[in-house]
Amino acid sequence: MTDFTKTKAMFQIPVGTIYLDGNSLGPLPKDAPVRVANMLKDEWGDMLITGWNKAGWMQQPTSVGNRIARLIGAEENSVVMGDTLSIKVYQAVASALELNPTRKVILSDNGNFPTDLYMTNGLIRTLNEGHQLRTVNPEDIEAAIDDTVAVLLLTEVDYRTGRKHDMQRLTAKAHAAGVITIWDLAHSAGALPVDLSGCNADFAVGCTYKYLNGGPGAPAFIYVAPRHADKVRPALSGWLGHESPFAFDLDYQPGNGIERMRVGTPPVIALAVLEAALDIWDMADIKDVRAKSIELCDMFITEVEARCPQLTLDTTSDGTARGSQVSFRFADGYAVMQALIAEGVVGDFRAPDTIRFGFAPLYIDEADVMAAVDILENIMTNDLWNTGAFKTKSAVT
Ligand SMILES: *Cc1c(COP(=O)(O)O)cnc(C)c1O
């Protein structure tokens, strides 16, 4: 059984803050600063360029990938770290399309995070081979899977509503129609158990700065099913994905398996932060995290619905059908969120009118949920959000 009191003590949460935004940026693991300071001093400082060999920097993208693999039900040596999620989406779509060369449609839903769609359209323009991105409503996705579709590109958990797709069923339906699947796990990794291997998924991508707590700009990951890994051709054929980068061969030869999805120099310092975060994940069982997250979200929904009738729930009340977040809609949602943040309850706002709260059991408990609801109720009942100061938008919401 995961000891959540112990995991909570391992994060730096500012006094007076109830942090319900770990779905956008997880908090700092307390061990990370020392870990990074040591890495800088002992490895970069003392070893200089020999750190690539002596400190294992060059292997980090796959060794850390294996630590992520455990959390997403992926096989050993099927996950590699690097770049940002947007880049990993591009790589996955490009490689998936090549596995299905006679078809031209990439199917997604209009609840997907915009960058996934932007990157896909950018790739389509570059390829200039008549591909087309088709987006339907999330609830219509299953019916839209047919044998014209080359690639199904879905984010498992909707970033706004928290609605969760059924990965097992949709992957099976896609495969029956000859479709290659790409799952974006941005709001799944560290939020709920994922079973890529059991679902027979083809590709998956995700970021590590949300529920995994790797810090701002933490590297993303990409998964390629072992059955495809030696067949896929990387669109971003960088030197560190080459089979022998230090041969400095002028011709590109893809590396072994997942190694070919590496692009350039790994972000060694950022990976050291992520390793500190993953040490906390080693103390947790993702099944316990999921059970507790459903409890916390249920409690928040029940209390807010009873005490803040002004807000409209925009997340399913079926715990198994959502991720680890709860959203409400309110016309002046932006101002409500600013009023909450001023009182120490940090969530975020998503246009046009959604206030969103993430619940990460590693550091959020029942007392936090009840205290957050008390503050929200006070703001709504007394219209404390209704001032000019709370209505002025900043660049990052
Ligand atoms: C957070 C998120 C991203 C962010 O992409 P970056 O390249 O890391 O900025 C992409 N896709 C989804 C589905 C997300 O939720």
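In the protein chain, 72% of the contacts with a separation of 6 or more join residues 24 or more positions apart, a contact being a pair with heavy atoms within 4.5 Å. The structure is a predicted model, in which local features need pLDDT of at least 70 and side-chain atom pairs count only at pLDDT 80 or more, whereas totals for chains, interfaces and linings use all residues. Residues are numbered from 1 along each chain as its sequence is written, and side-chain values use heavy atoms, with hydrogens and water left out.

The radius of gyration, taken over C-alpha atoms, is 22 Å for the protein chain, which agrees with the value near 21 Å that a compact globule of 397 residues would have; the globule rule is 2.2 Å times the number of residues to the power 0.38. Along its principal axes, the C-alpha trace spans about 70 × 55 × 40 Å. Of the 397 residues, 55% are buried, that is, under 20% relative accessible area with a 1.4 Å probe, protein chains only.

The secondary structure comprises 15 helices and 15 strands, which are DSSP runs (helices H or I, at least four residues; strands E, at least two) numbered from the N terminus. Strands β12 (residues 325–329) and β15 (residues 354–358) pair in the antiparallel sense over 5 bridges, and F328 stands opposite I355 in β15.

Notes
Buried < 20%, exposed > 50% of the residue type's maximum accessible area, 1.4 Å probe, protein only. Pairing = 2+ DSSP bridges.
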